[in-house]
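Here is a quick briefing to read with the model open beside you. Have a look at the picture first, then work through the notes.

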Amino acid sequence: MAAFLHTNTVDTIAGKIAFNEIGDWKERRVLMVQLRGIKGNDLEQFRNPGHQVILDPPSLKTGDLAAPYNKARAS
């Protein structure tokens, strides 16, 4: 099974995943996000686009880091 996973791409519910020869993901799948423009503690705001900006991995990136963080709080 390991030999198969090291040489083939596997379709999963999270998308296509491929592994290298030592078993690491060929493409990172963990997201680094920055939350922006959060007001109060209403959960509905997270359903709208723009509050969660993907910073990494590059293939999924939707924006750049807003730094210092006070800039992200205001936007």
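The notes below go through a few residues, a surface patch and some salt bridges.

This is a predicted model, in which local features need pLDDT of at least 70 and side-chain atom pairs count only at pLDDT 80 or more, while totals for chains, interfaces and linings use all residues. Residues are numbered from 1 along each chain as its sequence is written, and side-chain values use heavy atoms, with hydrogens and water left out.

**Asn20 and its loop**

- Asn20 sits in the loop between β2 (15-17) and β3 (32-35); helices (H or I, at least four residues) and strands (E, at least two) are DSSP runs, numbered from the N terminus.
- Is Asn20 buried or exposed? Asn20 counts as buried because its relative accessible area is 17%, and buried means under 20%, exposed over 50% and partly exposed in between (1.4 Å probe, protein chains only).
- The Asn20 side chain has a polar atom 3.0 Å from the backbone nitrogen of Ile22, and it also reaches the backbone nitrogen of Gly23 at 3.0 Å.
- Those are polar contacts, meaning pairs of N or O atoms within 3.5 Å; within protein, one must be able to donate a hydrogen and the other to accept it, and residues adjacent in sequence count only if both atoms are side-chain atoms.
- Setting aside neighbours within four places in sequence, Asn20 is in contact (heavy atoms within 4.5 Å) with His6 and Lys26.

**His51**

- You'll find His51 in the loop between β3 and β4 (52-56).
- His51 is buried, since its relative accessible area is 16%.
- Which backbone oxygens lie 3.5 Å from a polar atom of the His51 side chain? One belongs to Gly37, and another to Gln45.
- Gly37 and Gln45 turn up again among the residues His51 touches, along with Gln34, Leu35, Arg36 and Ile38, not counting residues up to four places away in sequence.

**Ile54 and Thr62**

- Ile54 is in strand β4, while Thr62 is in the loop between β4 and α2 (69-74).
- Ile54 is buried because its relative accessibility is 17%, whereas Thr62 is exposed because its value is 57%.
- Beyond neighbours within four places in sequence, Thr62 is in contact with Gln52, Val53 and Ile54.
- With residues up to four places away in sequence left out, Ile54 touches Leu31, Met32, Val33, Leu60, Lys61, Thr62 and Gly63.

**A nonpolar surface patch**

- Leu31, Val33, Leu35, Leu43, Phe46 and Leu60 make a nonpolar surface patch of about 510 Å².
- For such patches, residues need over 30% relative accessible area and no salt bridge; like charges are joined within 9 Å and nonpolar side chains (Val, Leu, Ile, Met, Phe, Trp, Tyr) within 5 Å.
- Accessible areas come from the Shrake-Rupley method with a 1.4 Å probe, and for residues only the protein chains shown count as cover.
- Val33, one of the patch residues, is in strand β3 and is partly exposed because its relative accessible area is 41%.

**Salt bridges**

- Side chains of opposite charge can pair when their charged atoms come close.
- How many salt bridges does the structure hold? There are four, a salt bridge being a side-chain nitrogen of Lys or Arg within 4 Å of a carboxyl oxygen of Asp or Glu.
- Asp56 pairs with Arg28, with the closest N and O atoms 2.8 Å apart. This pair links distant parts of the chain, 28 residues apart: Asp56 is in strand β4 and Arg28 in the loop between β2 and β3.
- Asp56 is partly exposed at 22% relative accessible area, and Arg28 is partly exposed at 48%.
- Arg47 and Glu44 meet through their side chains at 2.9 Å, N to O. Arg47 is exposed at 65% relative accessible area, while Glu44 is partly exposed at 44%.
- Asp64 and Lys61 form another bridge, their closest N and O atoms being 2.8 Å apart. Asp64 is exposed at 54% relative accessible area, and Lys61 is partly exposed at 43%.
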